Amino acid sequence: MKLPTLSHLPRDTRDTLFVLAVIAWVIAPLTPEIPLWCSLLSTAVMVWRGVLAWRGQPLPSKWWLLGLLALCLGATLISFKTLLGRDAGVTLVVVLLALKTLELRARRDAFVVFFLGFFLLLTHFFYSQSLLTAAAMLVALLGLLTALVNAHMPVGRPPLWQAGRLAGSMALLGAPIMLLLFVLFPRVAPLWGLPSDAMTGRSGLSASMTVGNIASLALDGSVAMRVRFDGAPPPQSALYFRGPVLSYFDGRAWQARPPALPRRWRLPADLQVTGEPVRYQVTLEPNRLPWLLVLDATPQAPVLAGKTARMTRDLQWILDQPVTDLLRYEVRSYPNFSHGPRQGVPGLQEYLALPDGFNPRTLQLAAEWQRDPRHAGAGNAQWVALAMQRLRSEGYRYTLDPGVYGRHSADEFWFDRKAGFCEHIASSFVILMRALNVPARIVTGYQGGEKNSVDDFWTVRQSDAHAWTEVWLEGQGWQRVDPTSAVAPGRTGTLQRLSPPRGRIAEAIFGSVNPALALNLRAAWDAVNNRWNQWVLNYTQSRQLELLKNIGFKEPNWQDLIYVLCAIVVVASLGGAAWSAWERHQQDPWLRLLQQAADKLRVAGIGFTANSTPRHMARQLLAPAPGSSPKASPQGQAWHDWLLRLETLRYARPDAGQAPHFRRQLATLRNELKHLQWPH
């Protein structure tokens, strides 16, 4: 049996299949965010509805719909323990949209589907505001508009491309209004922004470090932040963006626990900087964390709008609230600095603590070094140099896959595996330093970055996450020591990154691509994304107010935005009215005068067709009504003569050189029209 092609299907079937395709496009990007059962159920329902439309079979009864709806409500409640909130709400909207297609019988039902689709389209931005998401939603918007326009064409079988062209025209006409609202509509919290759980599931740094968790970030190539330097940037090996400082170790994980010592013994920051600062601007991706990532060391608070930051005693800058949307701030950091106490104080004991019963061989190694006569009288700097020399000379390796470490992680690193990622190395190094009575701690953050040659921004990715150490030296305070640089100098010097081995499919796809071309394409795409972030996602209220300052407002606020928006709307309306009047003036003045006469006669009860000529209208005026005298009334005769003169003026129009005569005669006829009496 030969199946009918799409062009030969009945219009209802064709339109239904098109609507189902658009709905599938809207739902598809949400599949990673909604439960698996919801994706499978929605797919099955829409396939079922498509088969019914193709075969022309009746739709299921309402009992089917009620049963499926009850099942979906129960499944949503089981999945999220609630029917409220972002994830549960989006799941329910997806379910309702899919089920509504099963009662798609009339235009009224179609309109409900369209508007549910428009609403669901907006929910994608709860999960991602990337350029790709925006592009996909623009396609979905045009598809929904096309379906909506097509539904308003009830007669005949208009082609979908015609409805699509009209929908595209509507979108283009609405683009200036959309742009105006985007630029000037006040971004007043909490009406403007994402819900508090919109960033759930983002990867990144955390306030604790278990050996192995930073290695997982090395597999994540997503952007953590973008940096633009004012002037020459520091060398790549000096790009240490400071995050959480971890000082407490329980044997398994490092945490940033507040010191247990009395307040008077707690170490002050005691930050001292010298030399010229490095000025730069950071665009931080949302991460649901309250940390501002800056280069060491930053004595003044970063400049950012609407938020307050404070510096901890560990030189980490922290916000009062998590970063849930794109955040841009300006920083001044000093590469030459010192911080912490210069002489031994009781508070340093906090950075010597080790849990009992862990890493006995590492403790034994430290004891042997201390008993060795060659190291008699060694200070903290000598112990650091000795440990770094061991890392350089005894075959230690830098790897993403060192295996699963057990209870005694430092022992396994120093004596058994001799392989690890940055957190394995840093953790083992700090444990050894503390065993040698050297105060030490772990600092996590990002190291390095990649300069984009297209827009000169430095892109720092999650794969640049790093862990290094700080040790306390007499007379110097806390000093950065990166033990990973002893094992793999390329990690911090030339920024050589480890990457997981590719599978066969990935190798077949990327193995034949020129690496230089791939890097250039990636740089171009990063530059485009950065522009999207800078000009769209990061267009905040502060930038709106800055725009008002540029046009003359001294101390603008959001009310001023409303005034400017209203003023532009009024000016645009007046401009539209002037344009309409000008268009009417551009119309043929003779035709306009004829139309005025026809309108006046219609008011008197004398109707004409749209294409009636002045002569035809004149004859109709003098035509006697049935059963009446053929003699015309004086008013009718006056109208008759006026219409003939109007026709004579049209078709006996003088040459171009006598145009003023034509305009004078037309003005005379226009004036006479005002004084003509109603014909009887």
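The following legends describe close-up views of a predicted model.

**Figure 1. Overview of the predicted protein.** The protein contains 22 helices and 20 strands. Of its 680 residues, 44% are buried. Among contacts with a separation of 6 or more, 73% join residues 24 or more positions apart.

**Figure 2. Packing of helices H4 and H5.** Two packed helices are described by the angle between their axes and the distance between the axes. Helix H4 spans residues 86–100 and helix H5 spans residues 107–123; their axes lie 10 Å apart and meet at an angle of about 155°. Because an angle over 145 degrees counts as roughly antiparallel, H4 is described as roughly antiparallel to H5. The crossing of these two helices is left-handed. On the H4 side, the contact is made by Val90, Val93, Val94, Leu96, Leu97 and Lys100. On the H5 side, Asp109, Val112, Val113, Leu116, Gly117, Phe119, Leu120 and Thr123 take part.

Figure 3. Val90 is located in helix H4. With a relative accessibility of 2%, Val90 counts as buried, because the cut-off for a buried residue is under 20%. Apart from neighbours within four places in sequence, the residues in contact with Val90 are Leu30, Ile34, Leu120, Thr123, Phe126 and Tyr127. Of these partners, Leu120 and Thr123 also belong to the H5 side of the contact between H4 and H5. Val90 and Thr123 are separated by 33 residues in sequence, and their C-alpha atoms are 6.9 Å apart in space.

**Figure 4. Packing of helices H1 and H5.** Helix H1 comprises residues 11–27, and its axis comes within 10 Å of that of H5, with a crossing angle of roughly 20°. The two helices are therefore roughly parallel to each other. Their crossing is left-handed. H1 contributes Val19, Ile23, Val26 and Ile27 to the contact, while H5 contributes Val113, Phe114, Gly117, Leu120 and Leu121. Val113, Gly117 and Leu120 of H5 also take part in the contact with H4.

**Figure 5. Helix H7 and its kink.** A kink of about 35° is found at Ala175, shortly before the proline Pro176. Buried residues of H7 include Ala163, Ala167 and Leu184. In an α-helix there are 3.6 residues a turn, so residues three or four places apart point the same way.

Key:
Residues numbered from 1 in each chain as written. Predicted model: local features only at pLDDT ≥ 70, side-chain atom pairs only at ≥ 80, totals over all residues. Heavy atoms only, no water. Bend = angle between axes of the 7 residues up to and from the residue. Helix = DSSP H or I, 4+ residues; strand = E, 2+ residues; numbered from the N terminus. Buried < 20%, exposed > 50% of the residue type's maximum accessible area, 1.4 Å probe, protein only. Axes fitted to C-alpha atoms, helices over the stretch in contact; angles between N-to-C directions. Parallel < 35°, antiparallel > 145°, perpendicular 65-115°, else oblique. Left-handed = near helix turned anticlockwise from the far one by under 90°. Contact = heavy atoms within 4.5 Å.
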